[in-house]
Amino acid sequence: MVQVYPDQKGRYGDFGGKYVPETLMAPLQELEEALDEAMGDKGFIAEYHHVLEKYAGRPTALTYADKITDMLGGARIYLKREDLLHTGAHKLNNAIGQALLAKRMGKKKIIAETGAGQHGVASATVAAKFGLECKVFMGEEDIRRQEPNVFRMKMLGAEVIPVSSGRGTLKDATNEAIRYWVANCEDHFYLIGSVVGPHPYPRMVRDFQRIIGDESKRQFLEGEPTLPDYIYACVGGGSNAIGMFHPFLEDDVELIGVEAAGKGVDTEEHAATLTKGDRGVIHGSLTFLLQDEHGQITEPYSISAGLDYPGIGPEHAYLFDSKQVRYEAVTDEEAMNALKLLTETEGIIPAVESAHALAQAFKEAKDLPQDKTILINLSGRGDKDLATIMNHFKGEE
Amino acid sequence: MLTQTSFQGKLSKTEDLFIPFIEAGDPAPEVTIELALKLQDAGADILELGIPYSDPLADGPTIQRAAKRALENGMSLKQAIELIPTMREKGLDIPVVIFTYYNPVLRIGEEKFFELLEQYGAEGVLIPDLPYEESESVRELALNHDIEYISLVAPNSEERIQKIASDARGFLYCVSTLGVTGGENQLSSEVTDFIERVKKHSPVPVAVGFGISTNDDVRMIREHADGVIIGSKIIRLVEAEVENLKDEQKREEALDRFYHNVRELVE
Ligand SMILES: Cc1ncc(COP(=O)(O)O)c(C=O)c1O
């Protein structure tokens, strides 16, 4: 018998749970009850799928990347094109699900945290579409490096609240969003952007993202017609990866999550949570995190704002600990080279986050036989990253 | 089991309690010791000694700043606990409650943490991000080490109040409003209803904290609860003297001003 996670207490093995101030216990209970009720309601599920199809543009394509496959000369490479989703990344799948739930719960105000700005844009988008008021917390460093997304959020009518604590990145934005939620939980819905946070958030976000894996499985079987041998996804908080992996967990497929190694896992400047971190509690959940010997959370680093996070979703901690998924780490440099390669060979500019998955997959594809197949989750497009990309490659022209 | 706990042994009364909060290491370890003694002189009945944390989710900007100052001084969970014996030598005889987020406890190990608390003479512990449902092992360890595990209830705890209160030890911490520490809230009549409800279920003194910053607040809470917990306001009084407290030449006078300000607050 396969164990179904999470259990009643929101645990994935040892991981997960609800490590939150007492004030949040009631809103989390309210959320869990509303969520369970909604997920059991065929009408709600149908509405979610309807919005995904007619508004967001699902299903997204599964693209055979023939040029890069030929060039690398190894396994055949497929891309799941979440970059083609409305607003440019997988984040919208989850934002739609949670916004519909917020509406159902009668909550008219949403709050969100964002790193790369993709979840902020997705939240601002659903807020505009469904008539909700939206506040997005964003670190000052991320506001600087993801400027186009800040502008998009504002155009969509969201209020962007700059966060200056820490290094001004995703961790700090999440802290501030949670603090705001504590004070305003009676009429605000916290629309979390990844499979992190206290139970039931990791489960809810996974269930709203598993559409990626469900579709991929169907598309692969229609095309190939076997399952892929390897699946790669980048891991920040872990939502695009869990969404892709979850439907394949029972299958004979090797799953690889790719973290950000920043300037290298042997430097202080990385965000390789599983590779270098230890057990601990962050943002309401027992998981792995980057911390010092005294249990203080350390500041992560990655060129990619979406992966620049010292924690990881508890289900990933469990999949890592139980060795069901292999986790690797890719440096800024490797990711940016993969980004350039995909752009030049396939005519697709990927998000810097997604480029981490590409880099690891390309590295391994070369040495695999041609009858093997690889699926990479292309979690988003690179439009938001043009400044980062130009800055990285300047002087190379 | 009828014998007194160390906490009860050190507590001189069970109503009209004044429970101040300071952050260990803010602005320096030796100053923390002096501030503790001044607070006792000013009438403190229990000392809440905060452990600075990098990501304090339940705290507003004031305590975040205090934590930052303390961490810059290299303060850690273990070092903070090690300050207690010096406080005792210098005459502190009220119970000390360690206030810490859960991650530093996990890091050092729950067993080791309680061994340290017992060894260095703390009487209580409060972990703001460890709700009742996650606290079973910690509550059991606390019991075995003669440490009171302080629980919190919030205005939206509703039916949870009874469950939490029935297992309460030391004192029961009533969070006055929805929100993080340091808000300058208007204490409403809803607070008094809430306090009365909690008191009905609590076997231990009921103390109220979060956002209590004026003498009027203190007076109002005193009428209804058994104790008042003051955190951010005390930290702001420390903050006002930060530079003087760090300067050995000016410290004595700064401590006196701090004492008088605290007296004015709780008189
Ligand atoms: C395109 C893209 N991919 C991946 C991520 C990382 O998040 P997660 O690990 O939750 O998928 C982000 C986050 O902002 C993103 O924008």
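In this predicted model, A:Asp14 forms a salt bridge with A:Arg279, and the closest N and O atoms of the two residues are 2.9 Å apart. A search of the whole structure finds 60 salt bridges over all chains.

- The domain assignment of chain A gives domain 1, made of residues 11-52 + 91-205, and domain 2, made of residues 57-88 + 210-393.
- The contact between these domains takes 44 residues from domain 1 of chain A and 46 residues from domain 2 of chain A.
- Taken over C-alpha atoms, the centres of domain 1 of chain A and domain 2 of chain A are separated by 22 Å.
- Between them, domain 1 of chain A and domain 2 of chain A bury about 3,500 Å², and 58% of this area is on carbon and sulfur atoms.
- On the side of domain 1 of chain A, the residues that lose the most area to domain 2 of chain A are A:Phe15, A:Arg145 and A:Lys171, which together account for 21% of what that side buries.
- Between domain 1 of chain A and domain 2 of chain A the count is 4 salt bridges, and 21 residue pairs are found in polar contact across the interface of these domains, with both residues at pLDDT 80 or more.
- Helix α8 (residues 170-184) of chain A provides 6 residues, the largest share of the side of domain 1 of chain A that touches domain 2 of chain A.
- The residues on that side of domain 1 of chain A divide into 17 nonpolar, 17 polar and 10 charged.

**Where chain B meets chain A**

- The contact between the chains takes 33 residues from chain B and 34 residues from chain A.
- Chain B and chain A bury about 2,800 Å² between them, with 52% of it on carbon and sulfur atoms.
- In chain B, the residues that lose the most area to chain A are B:Leu57, B:Arg107 and B:Glu134, and together they make up 25% of what that side buries.
- There are 4 salt bridges across the interface of chain B and chain A, and B:Arg107 also forms a salt bridge with A:Asp278, in which the closest N and O atoms are 3.3 Å apart.
- The count of residue pairs in polar contact between chain B and chain A is 19, with both residues of each pair at pLDDT 80 or more.
- The elements α3 (61-72), α6 (102-108), β6 and α9 of chain B each supply at least two residues of the side of chain B that touches chain A, and α6(B) gives the most to that side, with 5 residues.
- The residues of the side of chain B that touches chain A divide into 19 nonpolar, 7 polar and 7 charged.

**Salt bridges within the chains**

- The side chains of A:Glu30 and A:Lys107 meet in a salt bridge with an N to O distance of 3.4 Å, and this pair links distant parts of the chain, 77 residues apart, with A:Glu30 in helix α1 (residues 25-39) of chain A and A:Lys107 in the loop between α4 and β5 (109-114) of chain A.
- A:Glu30 is partly exposed, with a relative accessible area of 35%, whereas A:Lys107 is buried, with a relative accessible area of 8%.
- A:Asp142 forms a salt bridge with A:Arg145, the closest N and O atoms being 3.0 Å apart, and both residues lie in helix α6 (residues 140-145) of chain A, 3 residues apart, about one turn of the helix.
- A:Asp142 is buried, with a relative accessible area of 0%, and A:Arg145 is buried with a value of 9%.
- A network of salt bridges links A:Glu141, A:Asp142, A:Arg144, A:Arg145 and A:Asp308.
- B:Asp26 forms a salt bridge with B:Arg69, with the closest N and O atoms 2.7 Å apart; B:Asp26 lies in the loop between β1 and α2 of chain B and B:Arg69 in helix α3 of chain B, so the pair ties together parts that are 43 residues apart in sequence.
- Both B:Asp26 and B:Arg69 are buried.

**Features of the backbone**

- A cis peptide bond, with omega about 0 degrees, joins B:Asp26 and B:Pro27, and B:Pro27 is found in the loop between β1 (17-23) and α2 (29-41) of chain B.
- A:Glu224 and A:Pro225 are joined by a cis peptide bond with omega about 5 degrees, and A:Pro225 has its place in the loop between α10 (211-223) and β9 (230-234) of chain A.
- A:Thr87 has a positive phi of about 75 degrees although it is not a glycine, and A:Thr87 is buried, with a relative accessible area of 6%.

How values were computed: Residues are numbered from 1 along each chain as its sequence is written. Chains are lettered from A and ligands numbered from 1 in the order in which they are written. This is a predicted model: local features need pLDDT of at least 70, side-chain atom pairs count only at pLDDT 80 or more; totals for chains, interfaces and linings use all residues. Side-chain values use heavy atoms; hydrogens and water are left out. Domain bounds come from an automatic or database domain assignment. Contact means heavy atoms within 4.5 Å. Buried area is the accessible area (1.4 Å probe) that two parts lose on being put together, summed over both. A polar contact is a pair of N or O atoms within 3.5 Å; within protein, one must be able to donate a hydrogen and the other to accept it, and residues adjacent in sequence count only if both atoms are side-chain atoms. Helices (H or I, at least four residues) and strands (E, at least two) are DSSP runs, numbered from the N terminus. Ala, Val, Leu, Ile, Met, Phe, Trp, Tyr, Cys and Pro count as nonpolar, Asp, Glu, Lys and Arg as charged, and the others, Gly among them, as polar. Buried means under 20% relative accessible area, exposed over 50%, partly exposed in between (1.4 Å probe, protein chains only).
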